[in-house]
Amino acid sequence: MVNKLEVAWTLAVVALLAGVAAYSTVLLYHVDSLPGDPTEYVDVWAHQWEWTFFYPQNGTNVSSVYDPTTNTVTGGALWAPAGSELQVNVTSTDVIHSFNIPQLGVRIDAIPGRINHFAFAIPNVAVGTEYLIQCTEFCGTLHGTMRSFLVVT
Ligand SMILES: [Cu+2]
């Protein structure tokens, strides 16, 4: 025969666990929400050994190929307006990379099968200002040339 005390402590534990589960579920949704109010969006695809930037707002897609001899990129760069709030959605199509803009303190892992979101402010600087983008996760023989630029527009 089950006494009332056993029922009480069982229900107390059930109530406690239900509370923890509900609180955790709410927190999980907040983990995915971003600070600020982004106005610009770019999908960043990392692959050996280039960055591809997809601009969903106008449907364009550029593959940024870095030339280490001239320290320039061909194909395109990551463009963002001065003073805007940029959201990047970062993923990889092969191995793990890391999207890093050292001067802006941005670093997001690019992981196959996962999209990592991050938003940050583009400084209010002169149009044409460039910030180096580099991969900071060793990803193969040409890892050192996996660079691009954030260009302020
Ligand atoms: Cu890489």
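How are the donor residues of the copper ion spaced in sequence? In this predicted model, their spacing reads H-x37-C-x3-C, and the legends below begin with that site.

**View 1. The copper ion and its donor residues, His97, Cys135 and Cys139.** The copper ion is coordinated at 2.1 Å by the ND1 atom of His97 and by the SG atoms of Cys135 and Cys139. Cys135 has a relative accessible area of 5% and is therefore buried, and Cys139, at 5% relative accessibility, likewise counts as buried.

**View 2. The stacked rings of Trp45 and Phe54.** The structure holds 5 aromatic pairs, and one of them joins Trp45 and Phe54, whose ring centres lie 5.9 Å apart with 5 degrees between the planes. Trp45 is partly exposed at 31% relative accessibility, and Phe54 is partly exposed with a relative accessible area of 22%.

**View 3. The edge-to-face pair of Trp51 and Phe99.** Here the ring centres are 5.4 Å apart and the planes stand at 80 degrees, so the pair of Trp51 and Phe99 is edge-to-face. Because Trp51 lies in strand β2 and Phe99 in strand β7 (residues 97–101), the pair ties together parts that are 48 residues apart in sequence. Both Trp51 and Phe99 are buried.

**View 4. Backbone features at Trp49 and Asn71.** Most residues other than glycine have a negative phi, and most peptide bonds are trans. The bond from Gln48 to Trp49, however, is cis, with omega near -5 degrees, and Trp49 is found in the loop between β1 (40–47) and β2 (50–55). Asn71, which is not a glycine, has a positive phi of about 55 degrees; Asn71 sits in the loop between β3 (60–67) and β4 (72–74) and, at 40% relative accessibility, counts as partly exposed.

Conventions. Residues are numbered from 1 along each chain as its sequence is written. This is a predicted model: local features need pLDDT of at least 70, side-chain atom pairs count only at pLDDT 80 or more; totals for chains, interfaces and linings use all residues. Side-chain values use heavy atoms; hydrogens and water are left out. Helices (H or I, at least four residues) and strands (E, at least two) are DSSP runs, numbered from the N terminus. Buried means under 20% relative accessible area, exposed over 50%, partly exposed in between (1.4 Å probe, protein chains only). Donors are N, O and S atoms within 2.8 Å of the metal (3.2 Å for Na, K and Ca); water is not among the atoms, so sites may look incomplete. Rings of Phe, Tyr and Trp (its six-membered ring) pair if their centres lie within 6.5 Å; planes under 30 degrees apart count as stacked, over 60 as edge-to-face and the rest as tilted.
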